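Here is a walk through one protein model, written for someone who likes to know the cut-offs. Have the viewer open as you read.

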Amino acid sequence: MKKLMLGNEAVAQGAWEAGVAFGSGYPGTPSTEILEHLASHEEVVVQWAPNEKVGLEVSIGAMLAGERALCTMKHVGLNVAADPFFSAAYTGVNGGLVVVSADDPAMHSSQDEQDNRYFAKAAKVLMVEPADPDEACWMAREAFSLSEQFDSPVLMRMTTRVSHQTGVVNVGGKQAVSGKGFKKNIAKYVLLPSHARERRHDVEQRLQAARAFGNQSGLWNPIYEGKSRIGVVTSGVAFGYVRETMPDASILKIGLTWPLPIERIKSFAATVDELFVVEELEPFIEEALLAAGLEVKGSALRPYTGELNLTVVEKMLLGAPKHVATVDLSDAPLPPRPPTLCPGCGHRAMFDLFREMRLRVMGDIGCYTLGALKPLAAMDACLCMGASVGMAEGLQRFGGPKEKGKTVGVIGDSTFFHSGIPGLLDMLANRSDATLVILDNSVTAMTGGQPNPGTGKDIRGNDAPQLDTAMVCKGLGVKRVRVVDPYKLDEVRKAIEEELAAPEVSVIIAKAPCILQYRVTRGRPAEVKTDICNRCGACIRVGCMAIHEHDGYPEVDPEMCNGCGVCEQVCEEKAITIPKA
Ligand SMILES: Cc1ncc(C[n+]2csc(CCOP(=O)(O)OP(=O)(O)O)c2C)c(N)n1
C-alpha cells in the first residue's frame, strides 16, 4: 500500500513494521515527530526521556531484554548520548538497536551544524542514510535486521530535508518478531577492560563483514547506470538533486554509508571518466575516496556550510545553475520576521527584569534563548543544553566586580531536568554562592510542547507522575529555593536581589504555565491612554509583538495582546492599563 508521509513519520512506520517494542528519545528539531508518530501505535512502549543519554540507556536495556528498540534525537543529542553510544558499539546487541540522529544542515533550529556521520566512524557502528520518506521507512525497518545480523547498534542519519519532506511511502504490515529474552553473557555485556579488549576485535571483524556486505549490496548501495561518462557518488538528500541535475550521469547512491563500501566505489569509479562526490556538509565520503587514491571532485565546488539544494548542486556539477527560481524574492520588500516570544509569555517579563537590573545572564537553550534578541538583549552567553548552570558558577566565581553578585544562570524546566541538575550539584558541592533561575512553564515549549518530568503527562497525553521542580532542588540540597510568579515584577525583583546577596547557592523558580501549550489568556487586551503617555518607550522595550509604536505612541493590537500586564507594570506614568474583566 502507498501512503503520503512525512520523513519522520516514515521512520516510525518502518520501525513499527520491524516489530519494534520500545521507542525512546528526547525532543529536538528535526527529529521530534518520529517518536510522536510511533506513539500512535498503542502496543509499542514509547516514552520521552529526560535527556538523550537516558533515552539511549533505557533503549539499550530493552535491547538487552531481547526486544527491538529505537532511540531518536537531534544531532546535538548524540553528543549527550555519546557515552553509552560508543560503549554499546562494543557490547553489540541482543534485540536490534537503531539510533536516529537528525542532523540540521544550515542550522534552521540548532546551535551548530555538526555532521554526525563522523560519529558512526568514530564509534565503529553501521550507519544508514535515507534520501526520502520511502527510504526512511524501509531503511528503518531493515536497519533492525542489520543491527542483529552484524551485532551492532545502527545509526540512522536523517537530515532536515529528509525528516521534514513529505513523499509517497510503500507501507507494509508488521513483522512477527518475538522477543529473544535476556541472555546472560558477562563477557559481552560487562565492559570491564579485559572484556572490552576482546570485544574490540569483534567490533573490527563485524565492521569488515559489514563492509563486505555493503560492497555487494545493490539494495543498500545501488548503482544507476547513465548514458554519460560522468559518475557521481552521493548519499542522503543529495541524491535527488544529483538525479535532477544530471539525469544522464551514472550514480552510486550510498545508503549504508558506514562502513563505506570502498571496493564498490572503486569499481564504479573505474567505469567513468570523471568522478564527483555530492554530499551534504562535511567531505566525509570524499576524504575516504581521496585517501583510497581516487581522483574526485566535490567539496571544493560548493560552500562548506549550509544545505545543498538544486541550485548549489547545479553550480557544482554543471558550473552554473540551470534553473532560475520562478519567483525571486531576494529583493522583495518583505518585513523581517525574527523569532520572538509569544505575547503573554512569562519568560519575557523575566528578561525585561534581567535587563533592567543589568544582570549578567548565563543563558540556556529553549524559547527563553530569545531573550538574547533585541530589544531585550538580556542574555550574555548560551552554549548547549544545561550549560547555563556551570557557566554561572564559573563567571560568578571569577568575574570582576561587575559580574560578582550580578550573575544568574537561567534555564528552562525541561533543560533543567535534561542536564541542569549536575551543574546544580556542582554549585552545591563546591560551595558556590551563585543563583540559578529556573523558568518553569511545565513543558518543553521550544520543540512543540512535549511533556517533561515536570509536566505530569506522558507522550500520549495520559496522566503521569509529576516532579515538582522546587522539591527536586530542595532534595538535591539547595537550602534557598523560592518560587515566584514571573508576572509580578516587583516580587521577582526583590527575590533576585535577596538571592544574589545570599552567601550560598540559591534557586528562584519562576513558575507559570506556557500560555501557548496550556492556552492561557491572562487578561483583557491592554489599553493605552495617549493623553498620559510621556513616550518614554519602556513598554516598547519589553519587546512584545502585541505592542508597537504608532505616531510616536504605543499602540496595542487587541487581537494579539494576551493581557499579561507586563507593559502595564513597566509604565511609570500608568498610561497603560489592563481593563478588569
Ligand atoms: C542536546 C539537545 N537536545 C535537544 C535540543 C532541542 N531543544 C532545544 S531547547 C529544548 C528544551 C526547551 O525546553 P525548556 O528548557 O523547558 O524551555 P522552554 O522552551 O519550555 O521555554 C530542546 C529539547 C537541543 N538543543 N539540544
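H17 has its buried residues covered by H4, helix H16 (387-398), strand E15 (407-412), E16 and H18, among others. Those buried residues are Asp413, Ser414, Thr415, Phe416, Phe417, His418, Ser419, Gly420, Gly423, Leu424 and Met427. Buried here means 20 or more other C-beta atoms within 10 Å of the residue's own, exposed means 12 or fewer, and partly exposed is in between, with C-beta atoms placed from the backbone. Covering is about contact, that is, C-beta atoms placed from the backbone and lying within 7 Å. Helices (H or I, at least four residues) and strands (E, at least two) are DSSP runs numbered from the N terminus.

H17 also has a kink of about 70° at Ser419, shortly before the proline Pro422. The bend is the angle between axes fitted to the seven residues ending at a position and the seven starting there. Following H17 comes Arg431, with a positive phi near 55°.

A word on the source: this is a predicted model, where local features need pLDDT of at least 70 and side-chain atom pairs count only at pLDDT 80 or more, while totals for chains, interfaces and linings use all residues. Residues are numbered from 1 along each chain as its sequence is written.

The shell holds 23 residues, and Gly28, Gly366, Gly412, Ser414 and Ala445 come nearest. A residue gets in if its C-beta atom, placed from the backbone, lies within 6 Å of the molecule.

By type, the shell splits into twelve nonpolar, nine polar and two charged residues. For that count, Ala, Val, Leu, Ile, Met, Phe, Trp, Tyr, Cys and Pro are nonpolar, Asp, Glu, Lys and Arg are charged, and the others, Gly among them, are polar. Domain 1 (2-216) and domain 3 (346-511) both contribute residues, so the shell lies between them.

## Domains in contact

The protein chain is divided into domain 1 (2-216), domain 2 (223-318), domain 3 (346-511) and domain 4 (527-577). The bounds come from an automatic or database domain assignment.

The centres of domain 1 and domain 3, taken over C-alpha atoms, are 33 Å apart. At their contact, 15 residues of domain 1 meet 14 residues of domain 3. On the domain 1 side, strand E3 (45-48) and H4 each supply at least two residues, and E3 gives the most, with three. That side of domain 1 has nine nonpolar, six polar and no charged residues.

## The cores

What about the nonpolar cores, meaning sets of buried Ala, Val, Leu, Ile, Met, Phe, Trp, Tyr and Cys residues joined through C-beta atoms within 7 Å? The largest has 96 residues, and Ala15, Val98, Val154 and Met156 have the most contacts inside it. Helix H7 (residues 133-150) gives the most to this core, with nine residues. Domain 1 and domain 2 both give residues to this core, so it lies between them.

Val98 touches Ala15, Leu70, Ala140, Ala143, Phe144, Ser147, Val154 and Met156, leaving out residues up to four places away in sequence. Apart from this core lies another, of 71 residues, including Cys514, Ala546, Cys571 and Ala575. Phe144 lies in helix H7 and is buried, with 26 other C-beta atoms within 10 Å. Phe144 and Ala69 are 75 residues apart in sequence and 8.5 Å apart in space, C-alpha to C-alpha.

Most residues other than glycine have a negative phi, and most peptide bonds are trans. Here are some exceptions. The peptide bond from Thr29 to Pro30 is cis, with omega near 10°, and Pro30 is in the loop between strand E2 (22-25) and helix H2 (33-38). Trp258 and Pro259 are also joined by a cis peptide bond, with omega about 0°.

Met107, not a glycine, has a positive phi of about 50°; with 14 C-beta neighbours inside 10 Å, Met107 counts as partly exposed. Ser442 has a positive phi of about 60°, and with 21 C-beta neighbours inside 10 Å, Ser442 counts as buried. Ser442 sits in the loop between strand E16 (435-440) and helix H18 (469-476).

Terms used
Core = buried A, V, L, I, M, F, W, Y, C linked by C-beta atoms within 7 Å. Contact = placed C-beta atoms within 7 Å.
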